[in-house]
Amino acid sequence: MKIHNTPSLNSHNDYAYILAQHILVKHEESRRCSSWKDEEGKSIRTRTKQQAAQMLQDFKKQIESGSKSFEEIARVESDCGSAAQGGDIGVFTQEEIQPPFFSAFIQLKPGDMSDVVFTDSGAHIIKRLE
């Protein structure tokens, strides 16, 4: 993570430049119940928050066991447009992401993966890249 003139990551005015990947699984409570792979949201609208979390826990086990890479799963399973880039969401600042995502990210070391994180977008697992 590159931080420029940032005395504290908790201050609203600080800008932390962040590099991460994520896998997003949307569910019935997501703010937008559609995605690139479910444009009408038929599957998303019938998926509970708990089911989304279980899917992510299963993906995390596959990644940790080495049976699949984070990127492989993200390309096929993530409901985010970043799926095409293996879940890479590029460089962003604290102000550009939802607070629960940022809070989970700053607790990770480079290469680490989060537990399931819930935002208004849905459920995520996050991998810190730098």
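Reply: Ala, Val, Leu, Ile, Met, Phe, Trp, Tyr, Cys and Pro count as nonpolar, Asp, Glu, Lys and Arg as charged, and the others, Gly among them, as polar. The model is predicted: local features need pLDDT of at least 70, side-chain atom pairs count only at pLDDT 80 or more, and totals for chains, interfaces and linings use all residues. Residues are numbered from 1 along each chain as its sequence is written, and side-chain values use heavy atoms, with hydrogens and water left out.

Me: How do the residues lining the largest pocket divide by type?

Reply: The lining comprises 4 nonpolar, 5 polar and 2 charged residues. Among them are His 22, Arg 31, Glu 96 and Phe 101.

Me: Which residues form the largest nonpolar core?

Reply: In soluble globular proteins, nonpolar side chains tend to be buried together. A nonpolar core is a set of buried Ala, Val, Leu, Ile, Met, Phe, Trp, Tyr and Cys residues joined through side-chain atoms within 4.5 Å; buried means under 20% relative accessible area, with a 1.4 Å probe and protein chains only. Here the largest has 12 residues, including Val 25, Leu 56, Phe 70 and Ile 125. H2 provides the largest share of this core, 4 residues. A second, separate core of 11 residues includes Ile 18 and Phe 101.

Me: Which residues of helix H4 are buried?

Reply: Helices are DSSP runs (H or I, at least four residues), numbered from the N terminus. In H4, residues 99-106, the buried ones are Phe 101, Phe 102, Ala 104 and Phe 105. They lie on the same side of H4 because they cover an arc of only 165° around the axis, taken from the directions from the helix axis to the C-beta atoms.

Conventions
On a 1 Å grid over the protein atoms alone, a cavity is a set of points where a 1.4 Å probe fits but cannot get out, and a pocket is an open set with protein on both sides within 12 Å along at least five of seven lines; lining residues have an atom within 4 Å of a point. Buried means under 20% relative accessible area, exposed over 50%, partly exposed in between (1.4 Å probe, protein chains only). Helices (H or I, at least four residues) and strands (E, at least two) are DSSP runs, numbered from the N terminus.
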